[in-house]
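Q: I have a sequence and a model to read. Please take me through salt bridges and cavities.

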Amino acid sequence: MIESPKPFTRSPSLRSAVEPFHAMDILAGANRLRGAGISVISLAVGQPSDPAPEIVREAAARALKDGRIGYTDALGLRSLREGLSRHYANHYGVSVPVERIAVTTGSSAGFNLAFLAMFDPGDRVAITAPGYPAYRNILRALGLEVTEISLGHEPYLTAERLRAVHAESRLDGLLFASPANPTGAVIPADALRDLVQTAAELGISTISDEIYHGLCYTGPDVTALAFDPNVTVINSFSKYYCMTGWRIGWMVLPEHLVRPIERIGQSLYISAPELSQIAAVAALTAQEVLEPIKSRYEANRTYLLKRLPELGFGIAAPPDGAFYAYCDVSRHTNDSMDFARAMLAQAHVAATPGIDFDTGEGHRTMRFSYAGSMDEMIEATTRIERWLSERS
């Protein structure tokens with residue numbers, strides 16, 4: 001009898017050994033509780049609770065009825081790129097030619113494309129800590145060196161700090177967000193200008209994540225493109241436009257990156273989904289519906305800025321934009337992951353442990369999303385208060 005050969009199993013690649021996105025683990029736990037019939041309030045995930053505006057859904061429905069949804073140019077529908085070009089002129093007073101705009105499968109695809117087109121394995125790219133964990137994970141998976149610049153008690157990266165870090169560890173790239181995730185901090189216009197111009201002076205290629213534009217509460221949006229047309233900007237319809245599941249975003253590129261991005265995109269994605277692109281054209285006209293949603297976030301923000309400190313959660317950075325409150329929870333715990341699990345299991349409130357955003361200091365912080373309703377904010381903080389009193 002001939003024995004069957006033992007199956008060969010190759011170990012996963014080293015590049016796949018990235019940290020999990022702990023917010024998604026918490027979300028999965030919340031969904032399990034909901035599946036068991038338990039009422040859970042989630043302040044964990046950065047997802048608007050409102051659906052895409054009706055005009056967006058109607059545009060998609062018409063496209064589905066027409067029946068032909070297929071490939072588009074790798075850079076996206078001309079009509080959407082033209083709409084985005086007008087958006088930059090009207091919203092920022094900045095001229096962005098259609099030819100420099102690329103439509104992507106969400107901002108996540110934009111980061112992949114930018115990293116692949118701008119850097120080679122071994123290049124060193126700086127990000128800030130705390131910061132969005134996917135930056136770090138994607139960069140490392142692509143074989144890039146990551147320099148995490150700890151912000152400490154500063155709300156945003158300054159030009160002076162960038163210059164100091166570059167002097168110690170020569171940087172090839174810089175990625176920052178304003179408004180930021182998880183803090184919601186906004187870089188003031190003068191500081192943004194200095195940061196962008198200093199990066200250019202030092203020969204550092206810059207990516208500006210502007211996904212939370214439209215959700216600034218202390219002043220108008222300011223794009224990095226206002227100070228340097230060679231910055232690569234990444235944005236998305238997920239947040240302000242309430243289109244997370246549609247997976248549609250865009251990039252504004254310096255001229256020399258357009259063709260490389262197009263070539264890579266053709267092979268990785270072919271094109272962003274045409275249905276979502278058609279819907280996004282309509283989304284650009286939905287401001288009348290979207291501004292009241294932003295006003296609700298602002299009311300939630302005001303409530304939590306008062307209520308969270310009363311519960312012993314100090315606000316770690318000014319949440320001037322986005323829909324997050326990033327809190328110091330060291331009064332209650334030195335293990336934010338354990339605290340998040342216990343709060344979910346016992347208080348039935350989900351929030352994101354800070355270790356997602358800061359591997360050094362995140363064990364003492366948590367992020368609370370206020371993208372839901374005011375009733376949810378009130379009920380969540382009521383539950384947390386009761387739970388904390390029971391723990392003491």
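A: Start with the rule: a salt bridge is a side-chain nitrogen of Lys or Arg within 4 Å of a carboxyl oxygen of Asp or Glu. Side chains of opposite charge can pair when their charged atoms come close. This is a predicted model: local features need pLDDT of at least 70, side-chain atom pairs count only at pLDDT 80 or more, and totals for chains, interfaces and linings use all residues. Residues are numbered from 1 along each chain as its sequence is written, and side-chain values use heavy atoms, with hydrogens and water left out.

Q: How many salt bridges does a search of the whole structure find?

A: The search finds 15. In one of them, aspartate 50 pairs with arginine 296, with the closest N and O atoms 2.6 Å apart. This pair links distant parts of the chain, 246 residues apart. Aspartate 50 sits in the loop between strand 1 (41-42) and helix 2 (54-66), and arginine 296 in helix 10 (residues 287-310). Helices (H or I, at least four residues) and strands (E, at least two) are DSSP runs, numbered from the N terminus.

Q: Is aspartate 50 buried, partly exposed or exposed?

A: Buried means under 20% relative accessible area, exposed over 50%, partly exposed in between (1.4 Å probe, protein chains only). Aspartate 50 has 23%, so it is partly exposed. Arginine 296 also has 23% and is partly exposed.

Q: Which residue pairs with arginine 193?

A: Aspartate 190 does, with the closest N and O atoms 3.5 Å apart. Both lie in helix 7 (residues 189-201), three residues apart, about one turn of the helix. There is also a network of salt bridges, linking Lys306, Arg307, Glu310 and Glu385.

Q: Now the cavities. What counts as one?

A: Rolling a probe the size of a water molecule over the atoms shows where empty space is left. On a 1 Å grid over the protein atoms alone, a cavity is a set of points where a 1.4 Å probe fits but cannot get out; lining residues have an atom within 4 Å of a point. Grid points are joined across faces, edges and corners, and a volume is the space filled by probe spheres set on the points. The count here is two cavities of 30 Å³ or more.

Q: What lines the largest cavity?

A: Its lining has 17 residues; Thr128, Pro130, Leu151, Ala177 and Ala180 lie nearest its centre. The volume of the largest cavity is about 140 Å³.

Notes
1 Å grid on protein atoms, 1.4 Å probe; cavity = no way out; pocket = protein on both sides within 12 Å on 5 of 7 lines; lining within 4 Å.
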